[in-house]
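The following note goes through a protein structure point by point. Please keep the sequence and the model in view while reading.

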Amino acid sequence: MEKIRSFIAVNLNPDIKEYLTSLQACLNVPETKIKWVKKNNLHLTMKFLGYITLDQAEFIKSTLKEITNLYNPFNIKLSSNIGTFPTYQMPRIIWVGIKEGISELAELYNCIENNLSKKGFPGEAKDFSGHITIGRVKYIRDKTSLIQTLKSVEVNNITQKINSIDLMESELTPSGPIYKITVKFSL
């Protein structure tokens with residue numbers, strides 16, 4: 001049975017992708033290895049689905065169509081600072097947050113979670129955290145230097161209108177994942 005590695009995302013416009021890529025260049029710290037997210041792969045994840053069957057994909061499509069009919073387009077704005085998961089003291093993921101539009105994103109996320117969990121998709125154990133992953137820390141020699149660099153960068157509060165959410169396919173390759181939009185659902 002064919003399975004597709006999938007997730008639900010809000011895709012970013014070219015201006016935000018370009019800006020976030022320029023930020024990555026400012027965050028290189030000597031003796032630190034960070035795998036930066038490629039410009040074309042920058043997005044805001046709403047739900048990671050994992051490997052799904054074609055039947056599950058059809059169900060997800062019909063569910064997302066129903067959900068997006070309930071919502072109007074809205075704006076998001078990038079927050080001013082860069083964060084890390086799980087903490088600054090143990091940085092593994094480097095991300096840029098969302099400052100405005102977060103309540104709309106959270107509401108949309110909760111609706112997706114509730115509808116899909118009723119049909120057997122595993123629910124998330126944590127609350128929604130609206131963020132855009134820009135890098136994954138692989139190695140740090142000088143943690144203090146990395147933390148100071150991350151805290152010193154001020155992110156421009158760029159705005160984007162969110163008109164849709166997308167069902168995405170993720171193909172894993174030796175050079176990194178390749179994402180493509182399976183279906184776009186307009187709000």
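1. Two strands pair if DSSP finds at least two bridges between them. Helices (H or I, at least four residues) and strands (E, at least two) are DSSP runs, numbered from the N terminus. With these terms in hand, β1 and β3 are seen to pair in the antiparallel sense over 9 bridges. Within this pairing, Lys3 stands opposite Thr53 in β3.

2. On the basis of the note: this is a predicted model, in which local features need pLDDT of at least 70 and side-chain atom pairs count only at pLDDT 80 or more, while totals for chains, interfaces and linings use all residues. Residues are numbered from 1 along each chain as its sequence is written, and side-chain values use heavy atoms, with hydrogens and water left out.

3. The pair β1 and β3 belongs to an open sheet of 4 strands, with the order β3-β1-β8-β9 and antiparallel pairing. At its edges are β3 and β9 (178-186), each of which pairs on one side only. Neighbouring strands of this sheet are turned by 25° against each other on average, direction ignored; axes are lines fitted to C-alpha atoms, for helices over the stretch in contact, and angles run from 0 to 180 degrees between N-to-C directions. Strand β8 (residues 164-171) is joined to β9 by 8 antiparallel bridges, and the bridge partner of Ile165 in β9 is Phe185.

4. Which strands of this sheet does helix α2 touch? Helix α2 (residues 54-68) packs on the sheet and touches β1, β3, β8 and β9, where contact means heavy atoms within 4.5 Å. The direction of α2 makes about 145° with that of β3. Helix α3 (residues 102-117) lies across β1, β3 and β8 and runs at about 10° to β3.

5. The C-alpha atoms of Arg5 and Ile52 are separated by 6.3 Å, although the two residues are 47 residues apart along the chain. Leaving aside neighbours within four places in sequence, Arg5 is in contact with Phe48, Gly50, Tyr51, Met168, Glu169, Ser170 and Leu172.

6. A further open sheet has 5 strands in the order β2-β6-β5-β4-β7, with antiparallel pairing. Strands β2 (32-36) and β7 (159-162) stand at the edges with a single partner strand each, so one side of each is left without a neighbour in the sheet. The twist averages 35° from one strand to the next. Helix α1 (residues 14-26) packs on this sheet, touching β2, β4, β5, β6 (131-140) and β7, and its direction makes about 25° with that of β4.

7. Thr84 has Ile94 as its bridge partner in β5, and Lys77 stands opposite Glu100 in β5. Strand β5 is also joined to β6 by 5 antiparallel bridges, and there the bridge partner of Trp95 is Thr133.

8. Two backbone details deserve attention. The peptide bond from Phe85 to Pro86 is cis, with omega near -5°, and Pro86 is placed in strand β4. Glu31, in the loop between α1 and β2, has phi near 60°, a positive value in a residue other than glycine. Buried means under 20% relative accessible area, exposed over 50%, and partly exposed in between (1.4 Å probe, protein chains only). Glu31 has 48% relative accessibility and therefore counts as partly exposed.

9. Lastly, the largest pocket. On a 1 Å grid over the protein atoms alone, a pocket is an open set of points where a 1.4 Å probe fits, with protein on both sides within 12 Å along at least five of seven lines; lining residues have an atom within 4 Å of a point. The largest pocket is lined by 28 residues, and His43, Thr45, His131, Thr133 and Arg136 lie nearest its centre. The elements giving two or more residues to this lining are β1 (3-11), β2, β3 (43-53) and β6. The largest share, 5 residues, comes from β3.
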